[in-house]
Amino acid sequence: MGQGMDGPADIRQDMERFSLRSTLLVPGSAEHAFAVFTGELTEWWVTEYTWSGPEALAELGMEPRAGGMLYEIGPYGFRADWGRVLTWDPPRRLVFVWQIGPDRVPVPDPARASEVEVLFLPDGPERTRVELEHRHFDRHGEAAEGYRKALTAGWHELLTRYLATVSRRHPTTPA
């Protein structure tokens, strides 16, 4: 299954056939962790994971409401929506549909897309446990297991960068 989590820099990942759960500890309040996750995607998302790529990506964003879109803006103002917010409950919970297929093609039908849930749980006065579950990979069809395996590495990289950004943005973290 997963591995132990000894300190704030560790990311534990547990896998099942059609889901992935990642857990990490970040400095600061749940409000801070939620704000960085949802409001500073451009700061921590791997730009090579976007359709626009590092040279052409102008913006990554998340509309802060249930029904809001996760999107990127690329060259010439082109906008590509790649998810939809299902639950917006700051600073506790976020759920969104992952509308990117294993072949990196958009998945317009949310019933055929996987789903990401992120919980922000206070863990003492100055840190937050972030639990991210990417589930329902079976909705992506025959490539589901391979996609889950690929995104296991992808989420580890994303969450490592997210942790670094949260740490930089936290007022009591030494530079």
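Me: Which residues form one aromatic cluster?
Reply: In this predicted model, Phe34, Phe37, Trp44, Trp45, Trp82, Trp88, Phe96, Trp98, Phe120, Trp155 and Tyr162 form it.

Me: How many aromatic pairs does a search of the whole structure find?
Reply: The search finds 14.

Me: Why is the pair of Phe37 and Trp44 called tilted?
Reply: The ring centres lie 4.9 Å apart and the planes meet at 45 degrees. Pairing needs centres within 6.5 Å; stacked means under 30 degrees, edge-to-face over 60, and the rest are tilted. So this pair is tilted. Both Phe37 and Trp44 are buried.

Me: What makes the pair of Phe137 and Tyr147 edge-to-face?
Reply: Their planes stand at 90 degrees, with centres 5.9 Å apart. The cut-off for edge-to-face is over 60 degrees, so the label holds. Phe137 lies in the loop between strand S8 and H4, while Tyr147 is in helix H4, 10 residues apart.

Me: Why does Phe137 count as buried?
Reply: Its relative accessibility is 0%. Buried means under 20%, so Phe137 qualifies.

Me: What is the relative accessible area of Tyr147, and is the residue buried or exposed?
Reply: The value is 9%, so Tyr147 is buried.

Me: Which residues touch the most other members of the largest nonpolar core?
Reply: Phe37, Trp45, Trp98, Phe120, Trp155 and Tyr162 do, in a core of 38 residues. Helix H4 (residues 144–169) gives the most to this core, with nine residues.

Me: What makes Arg79 a charge over the ring of Tyr71?
Reply: Its charged end sits over that ring, 4.2 Å from the centre. The distance limit is within 6 Å.

How values were computed. Residues are numbered from 1 along each chain as its sequence is written. This is a predicted model: local features need pLDDT of at least 70, side-chain atom pairs count only at pLDDT 80 or more; totals for chains, interfaces and linings use all residues. Side-chain values use heavy atoms; hydrogens and water are left out. A nonpolar core is a set of buried Ala, Val, Leu, Ile, Met, Phe, Trp, Tyr and Cys residues joined through side-chain atoms within 4.5 Å. Buried means under 20% relative accessible area, exposed over 50%, partly exposed in between (1.4 Å probe, protein chains only). Helices (H or I, at least four residues) and strands (E, at least two) are DSSP runs, numbered from the N terminus. Rings of Phe, Tyr and Trp (its six-membered ring) pair if their centres lie within 6.5 Å; planes under 30 degrees apart count as stacked, over 60 as edge-to-face and the rest as tilted. A charge sits over a ring if NZ of Lys or CZ of Arg is within 6 Å of the ring centre and within 35 degrees of the ring normal.
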